[in-house]
Amino acid sequence: MIKKLGDIAKWLRSVNNGYRFTLEPIDGPSKQPISGPFSAALSKYGTGPGVHKWLHYWVFYDQRFAALERPLRILEIGVQSGGSLHLWSRIVHPDSQIVGIDINEPCRRYAGGNITVEIGSQADSDFLKDIGAKYGPFDIIVDDGSHIAEHQEISLCALTPFMAPGGVYFIEDIHGRGNTFAGFVYGLAMQLNEMSLDTDVFDCHVNSVQRHVSTVEFGAFFAAIWFRNHPMEKLQSSKWGDDWIPYT
Ligand SMILES: C[S@@+](CC[C@H](N)C(=O)[O-])C[C@H]1O[C@@H](n2cnc3c(N)ncnc32)[C@H](O)[C@@H]1O
């Protein structure tokens, strides 16, 4: 039996390695210069509620969470020592609402001002739906909770209906090559490529992911799902110019 398991492990490793490829390094500075509201706030953070994140997440935050000047609704799963909730509140418009959820009761102490903390599990879809109904729709959701793949999937499915138009759902700490939640998000991204042509007019019918999701991004340990400002009812192409050669 053990021999068989060993063989399976060996086979899995060989299959996995088949998918591994290396990229030639790109010349350039080894440290990406960081600038933006998050790195600026972190550079003078000093004392206060503890915050702990992979540095490259801040680079993404700085580059991609740019529209912070209007009031936003933000939900962060995983409060821990309250640091990231407080960072959000220092950066975003003062009329923004920041909600943190955690299973740990003492996290309530980080509520105050425009920060609300609710206690419950991200694996409990009824709890999440109540949160969505009470505080949504959300412009930004960050899942920095248990980091358990099954929980991440439950949360994404429960909270998607509470995304605001143009909002982003950012999942942190997706670790491991065989991560099943990564597989779930890849599956969503694959649905963006589904093509169901209406040949008469050369338009494409959309599935529900294409209708609501504009982009899925992956980075080291994270994924970001961007929602459309308006549902896309069909995918269309167009032609310009009048000089065409025939296809061979
Ligand atoms: C990585 S920490 C959060 C860090 C925080 N977002 C920050 O950046 O400073 C993870 C938190 O998730 C909480 N947590 C663990 N399992 C959870 C669950 N099932 N539902 C909600 N929160 C959970 C833990 O209690 C912990 O406080």
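Tutor: Pairing requires at least two DSSP bridges between two strands. Strands (E, at least two residues) and helices (H or I, at least four) are DSSP runs, numbered from the N terminus. Within this pair, I77 sits opposite D143 of β4. This is a predicted model, where local features need pLDDT of at least 70, side-chain atom pairs count only at pLDDT 80 or more, and totals for chains, interfaces and linings use all residues. Residues are numbered from 1 along each chain as its sequence is written.

Student: In what order do the strands of the open sheet lie?

Tutor: The 7 strands follow β3-β2-β1-β4-β5-β9-β8, with mixed pairing.

Student: Which strands does helix α4 touch?

Tutor: Contact is a distance test: C-beta atoms, placed from the backbone, within 7 Å. Helix α4 (residues 83-91) packs on the sheet and touches β1, β2 (97-102) and β3. Angles run from 0 to 180 degrees between N-to-C directions, with axes fitted to C-alpha atoms, for helices over the stretch in contact. Helix α4 makes about 175° with β2. Helix α6 (residues 149-159) lies across β1, β4 and β5 (163-171), at about 170° to β4.

Student: How many residues surround the ligand?

Tutor: A residue counts as near if its C-beta atom, placed from the backbone, lies within 6 Å. The ligand has 21 such residues around it, the closest being G78, Q80, S84, Q122 and S146. Elements giving two or more residues to this shell are β1, α4 and β2.

Key:
Two residues are in contact if their C-beta atoms, placed from the backbone, lie within 7 Å.
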